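This report goes through a predicted two-chain model, from overall figures to single residues. The sequence and structure come next.

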Amino acid sequence: MMTKVFRSPARHGYAVEVSPFVPSRVACAAAQYYGIAGCGTLLVLDQTETGICLVTSWQWGDGLFDVAWSEANEHVLVAGGGDGSLQLWDTANHSAPLREAREHRQEVYSVDWSQTRGENLIVSGSWDHTAKVWDPSLSSSLTTLRGHEGVIYSTVWSPHIPGCFASASGDGTLRVWDVKSAACRLAVPAHRAEVLSCDWCKYDQNLLATGSVDCSACVWDLRNVRQPVNQLLGHTYAIRRLKFSPFSKTLLASCSYDFSVRFWDFSRNQPLLDTVEHHSEFVCGLDFNLHIPNQVVDCSWDETVKIYTPGCLSAGPHGTGL
Amino acid sequence: MHRLKVISGHLSHRRDLRRSDCGARAAASRGSEDVVVVHGRRSAIGKARRGGFKDTTPDELLAAVMAAVLADVGLSADKLGDVCVGNVLQPGAGAVMSRVAQFLSGFPETVPVYAVNRQCSSGLQALLNVAGSIRSGSIELGLACGVESMSLRPATKPGDLSSRLLDHHRARDCLIPMGITSENVAERFGVSREKQDAFALTSHIKAARAQSSGLFDQEIVPVTTRLVDDAGSERQVTVRQDEGIRPGTTLEGLAKLKPAFKADGSTTAGNASQVSDGAAAVLLGRRAAVEALGLPVLGVLRASAVVGVPPDVMGVGPAFAIPAALEQAGLTVADIDVFEINEAFASQAVYCVEKLGIPLEKVNPNGGAIALGHPLGCTGARQVVTLLNELRRRGRRGFGVVSMCIGTRMGAAAVFEYPGPL
């Protein structure tokens, strides 16, 4: 397994996302002092034949915990920070953010840019227990969604249903929201511990996965949420983030406080496909490359961003041939 | 420091099981239905025809280890649901010999016993048979044993076979002498004489180190027996140490040995297993029963597999059986701390280790059959005892594999977990 590595000295990675426009481009949200104190950095990176090089970077006064690329403009990204702010950045503008929005009263831990056709919205999730939906210029929030009884760690737009996003919270629930009616459509008591991450299946609009402090990941079918479709056991500490593959319906990846990234096929009897242990600290950021099948990017508190194709995906049923 | 508190909260849960519980069968850890190893002991391994056990019948060897295992843990023999004995060379796999051994060891008549022969894996097969009886619900506790006196029963003819075996090349290949199958493995897979000799040397070095540092003392049951010396007079001896280990072995010495099976071959008396006498016994039980009796848990049987291989290269067995057992356990080679792979021949052991990409330091850390000897029916049970003692010495939860090639042209493997100190 060849791995490309980018080192970000004194910056601890929190989130990575591959550009939806440029296959080689990756954004990474990072923070000084493990995000406990100090400032933040937003990195834009390009992978080359042999490694990863820095395209541009911006400093922010507080740690940056999540990042999302615009689905409409290849130069634009949004980041969420420890100071409750969202910032809109432009790779063509090297000094300051295009816009900064401060409405959340506590840390913003998640941002996501909608990708359903004809819709161009940002959603943010905060430790102030609210999620907010924004227009793409971040002028002011369009709506604030209340209902979670704990901090929100993750907010992700449905790739299928317009105006619909899911959120994962410290209150142990997964919630599904309808933005038009500004209401929670479904609250799933997903884990008996904090839920740190959620993601939608790209091939079935009813499937969602959650990752929790209880070390397990669960796959849910929204038509029957009394019990998960599958429970994925293997991580030895909390699952910090999980993502469905853009290429395979039943494939997902999870990264964890146990320093590992694991790959799963939840349709199999033994779902664990691979455990990648190439970090020496908590692994917080994870994304699949949309353009290069089976390529994965992750980032860790060990001050590295890594791009690789895990062994389990480089051959066999999950190989590029699909 | 609100953030510190929130993130500390993320670390509030930890799954106890590292590695094993990867969504696989091993995930069912600590189940009350687990088949667990309570305890195991073995005799020293004697040199056949020249060593301390050359005049000792196998029932005596067997009785010594059977009695020692139960005495060690203070278990009354009437609690045993069954006793299975692996044996190769006695008539009928030593069914009568086993029943006699049971009485010599003081077990009551009500305890049943039987014998099993899967050649070189018989000692492991005995354990798997007992495990199967526990899983099926027939018994709660059982004793798995292995014994061989190669002094008193040299390898015999294969028995009555159809002349039609000549028409079937696989069947015919089953009559190829073991030494020639070793030459076949060496030739076909390019295992050089130098590699084989180097492997044999490390077996002696590791075994000598284990012996001199007393690592085997806790697993070996001293056996007091009688032997007839060269002058023809009978005397009593107590055998406490493996007799095959040669601490002074050198590469030069090994290189001088003539091929044993084929003029231009590479398998010698120095890089093949030794002909030996010995016995071992392992107490198994259902976890619920074991815990109810207050007995310790030394290991947990996690998976096992027996796989047939091409008869002319039977030594490749472990290269097929180990992956099959690991897959069942949901583990990989990297998850295993110690491999006990029987050294029938250095050729096949080297091939299997390289084929599976096992780091050499994980293989037979206390030597193998080249140094210790290979009392056929005993070996599998002996390996389990040595493996679990080694894992226990390491003092932390770990996994081990016992594997061997089988004279009837197969490979066997079993995966054990040492649960860690209490």
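## Conventions

Helices (H or I, at least four residues) and strands (E, at least two) are DSSP runs, numbered from the N terminus. By that scheme, Pro154(B) is found in the loop between strand E5 (141-149) and helix H5 (169-173) of chain B.

Residues are numbered from 1 along each chain as its sequence is written, while chains are lettered from A and ligands numbered from 1 in the order in which they are written. The model is predicted, local features need pLDDT of at least 70, side-chain atom pairs count only at pLDDT 80 or more, and totals for chains, interfaces and linings use all residues.

## Confidence

The predictor gives the complex an ipTM of 0.91, together with a pTM of 0.59. For chain B the mean pLDDT (the predictor's confidence in each residue, from 0 to 100) is 94, and 96% of the residues reach 70 or more.

Residues 18-29 of chain B have pLDDT under 50 throughout; the model has 39 contacts beyond four places in sequence for them. Two residues are in contact if their C-beta atoms, placed from the backbone, lie within 7 Å. Where pLDDT is low, the predicted coordinates should not be read in detail.

## Chain B overall

Chain B contains 13 helices and 13 strands. Of its 422 residues, 55% are buried. A residue is buried if 20 or more other C-beta atoms lie within 10 Å of its own, exposed if 12 or fewer, and partly exposed in between, with C-beta atoms placed from the backbone. Among contacts in chain B with a separation of 6 or more, 81% join residues 24 or more positions apart.

Pro154(B) has 10 other C-beta atoms within 10 Å and therefore counts as exposed.

## Annotated active site

An unreviewed UniProt entry lists Cys120(B), His374(B) and Cys405(B) under "active site". These residues are spread over 286 residues of sequence but cluster in space, with a largest C-alpha distance of 11.9 Å. UniProt positions are given in the numbering used here, feature names are shortened, and annotations may be inferred rather than shown by experiment.

His374(B) sits in the loop between H12 and helix H13 (379-394) of chain B. It is buried because it has 27 C-beta neighbours inside 10 Å. Beyond four places in sequence, the residues that His374(B) touches include Ser273(B), Gln274(B), Asn342(B) and Ala344(B). Cys405(B) belongs to strand E12 of chain B and is buried, with 35 other C-beta atoms within 10 Å. Leaving aside neighbours within four places in sequence, the contacts of Cys405(B) include Cys120(B), Asn342(B), Ala344(B) and Gln348(B).

In helix H11 (residues 346-356) of chain B, nine of the eleven residues are buried. Gln348(B) is one of these buried residues. The buried residues of H11(B) pack against several elements of chain B, among them helix H6 (178-189), helix H10 (317-329) and strand E12 (398-406). Just after H11(B) comes Gly357(B), with a positive phi of about 65 degrees.

Helix H2 (residues 58-73) of chain B has 16 residues and should span 22 Å at 1.5 Å a residue; its end C-alpha atoms are 24 Å apart, which agrees. The expected span is 1.5 Å times one less than the number of residues. Of the 16 residues of H2(B), 13 are buried. Gly74(B) follows H2(B) and has a positive phi near 70 degrees.

## Strand pairs

Two strands pair if DSSP finds at least two bridges between them. Strand E7 (residues 223-228) and strand E8 (residues 234-239) of chain B pair in the antiparallel sense over six bridges. Thr224(B) has Thr238(B) in E8(B) as its bridge partner. Five residues lie between the strands of this hairpin, where Gly232(B) takes a positive phi near 90 degrees.

In chain A, strand E2 (residues 12-18) pairs with E3(A) in the antiparallel sense over six bridges, and a hairpin of six residues joins E2(A) to E3(A). Seven bridges join E3(A) to strand E4 (residues 40-47) of chain A, also antiparallel. All seven residues of strand E3 (residues 25-31) of chain A are buried.

## Contact between the chains

The interface brings 18 residues of chain B into contact with 20 residues of chain A. On the chain B side these are seven nonpolar, six polar and five charged residues. Ala, Val, Leu, Ile, Met, Phe, Trp, Tyr, Cys and Pro count as nonpolar, Asp, Glu, Lys and Arg as charged, and the others, Gly among them, as polar.
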